[in-house]
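This report is meant to be read with the sequence and the 3D view side by side. Please look through both before going on.

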Amino acid sequence: MADTYTLISSQTLSGSASSVTFSSIPQTYTDLLLVASARTDRSYFLLVDSILVQPNASATGYTTRNLLGTGSATQSNTDTAALQLSAGATTSNETANTFGNGSCYIPNYTGSAYKSASLDGVGENNATEAWAGFTASLWSNTAAITSLKLLPYGGANFVQYSTFYLYGIKNS
Amino acid sequence: MASTYTPIATQTLASDAASVTFSSIPSTYTDLVLIANTRINQSGSSEIYCAPNGVTTANKGFTYLLGNGTSASSGRASNDSYIRIGNGAGTSTASGTFATSVVNFMNYANTTTYKTILSRGSDATNAVEAIVGLFPSTSAISSITIVGNGLVNILTGSTFTLYGIKAA
C-alpha cells in the first residue's frame, strides 16, 4: 500500500534562528501539513505569538481571520501579514521550556487556484497568558508553493529546540 | 511504517454540481477524514453541510464556534436536515478562491452508538469556525453527501478527498 502521509523534511533548531525555510518542496503530493513546536526570544508582549508562514517567501497577498480563546475571553481579528499559525511562546510571557504548538494544512498546494489554509495553534502556560487559536488564511496567488518560510510574528528569533515538520499527503 | 492514512476516494468537480457524494465507504477503517476545498454559488453565507448515509431527516444537531474577524460567537441548530461541516468560498470572493474544511468522522463504522463529527472551516474572506455535529444513528456511515448552504450548486474546481484512518 502506498504511503500517502509522508514526512518531507524536518528541522530541529540547534541554536536560535530568525527564520526557518523548507525549500524545494516536491510537487508530487496533493496537500501539505506543517507541524510546529516553537518558542521565540521576543521580550515584549503580543496577544498572540503567531508564526508567520510565507509560501515562496512572498510578503504580500494574504487574508487571515483568527478566532482566539485566552482562558478568560474570546475574540476574532483579521490580519494580512501571512498565513498565521497561532503558536509561538515567548520568553517574557511564557513559563520556561514551554513551546507553542500548531499545525497548518494547505490543500492543493501545486494548483493554480488561490491557496487556502486551515491553521490551529495553542500556547499553554503556567501563568496568565495562554490561548487557543483557530485561523483561516488565504494566499491570493496562483503560483505553486515550492517553499515555506517561517518567521516569528513581530521579529525576534526562534529558540533552540524549536521543531518543524513538513508532511506531504497524497489523495491517491 | 504502516499505512494508516489512506485515500478512499477523491473528486474534483469538472462542472457545477448540486451535491457531492462519497458512496460505498469501506467499514474497515476506524475514522474518516474529509478534506474539502470548496466554492459555492452563494454570495452570502457560504457554509457547507453533510448528510451521512444520505439521511435528510430533520433530526441532526450541530454547535459552532465562529470568528468573523471582528467578533467571536457561538450558536447551534437542532432538528436540522444536515450537519454543518465548514465553509465554501462564496461568489463575492475573487475568482479562484476556495475555502478549506477539515472534517473528522469518529468511529464511523460502529453500529452501536450515534456518530460525532468534528469540523474546522476556514474561509479567510468570511469566517473561521469549529463545529461539532451529531448524526443520531447507530448505522455505520457508508456514504456521505455534501451540499452547499441553501442547496445551491457547488462550483467547478472544488475538490473533495476522503481518507480512512486505522487505529492499528
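## Where the chains touch

The contact between the chains takes 36 residues from chain A and 34 residues from chain B, where two residues are in contact if their C-beta atoms, placed from the backbone, lie within 7 Å. On the side of chain A that touches chain B, at least two residues each are supplied by β5 (62-69), β6 (74-79), β10 (115-123) and β11 (131-139) of chain A. Sorted by type, the residues of that side of chain A are twelve nonpolar, 19 polar and five charged; here Ala, Val, Leu, Ile, Met, Phe, Trp, Tyr, Cys and Pro count as nonpolar, Asp, Glu, Lys and Arg as charged, and the others, Gly among them, as polar.

This is a predicted model, in which local features need pLDDT of at least 70 and side-chain atom pairs count only at pLDDT 80 or more, while totals for chains, interfaces and linings use all residues. Residues are numbered from 1 along each chain as its sequence is written, and chains are lettered from A and ligands numbered from 1 in the order in which they are written.

## Chain A

Chain A has zero helices and 13 strands; helices (H or I, at least four residues) and strands (E, at least two) are DSSP runs, numbered from the N terminus. Its C-alpha trace spans about 45 × 35 × 30 Å along the principal axes. The radius of gyration of chain A is 15 Å, which agrees with the value near 16 Å that a compact globule of 172 residues would have; this radius is taken over C-alpha atoms, and the globule rule is 2.2 Å times the number of residues to the power 0.38.

Of the 172 residues in chain A, 48% are buried, and a residue is buried if 20 or more other C-beta atoms, placed from the backbone, lie within 10 Å of its own.

## Chain B

Chain B has zero helices and twelve strands. Its radius of gyration is 15 Å, close to the 15 Å that the globule rule gives for 168 residues, so chain B is as compact as a globular protein of that length. Buried residues make up 45% of the 168 residues in chain B.

## A sheet in chain B

Four strands of chain B form an open antiparallel sheet in the order β2-β11-β4-β7; two strands pair if DSSP finds at least two bridges between them. The edge strands, β2 (20-22) and β7 (83-87) of chain B, each pair on one side only. Within this sheet, strand β4 (residues 47-52) of chain B pairs with strand β11 (residues 144-148) of chain B over five bridges, and B:Tyr49 has B:Val147 in β11(B) as its bridge partner.

Key: Buried ≥ 20, exposed ≤ 12 C-beta atoms within 10 Å, placed from the backbone.
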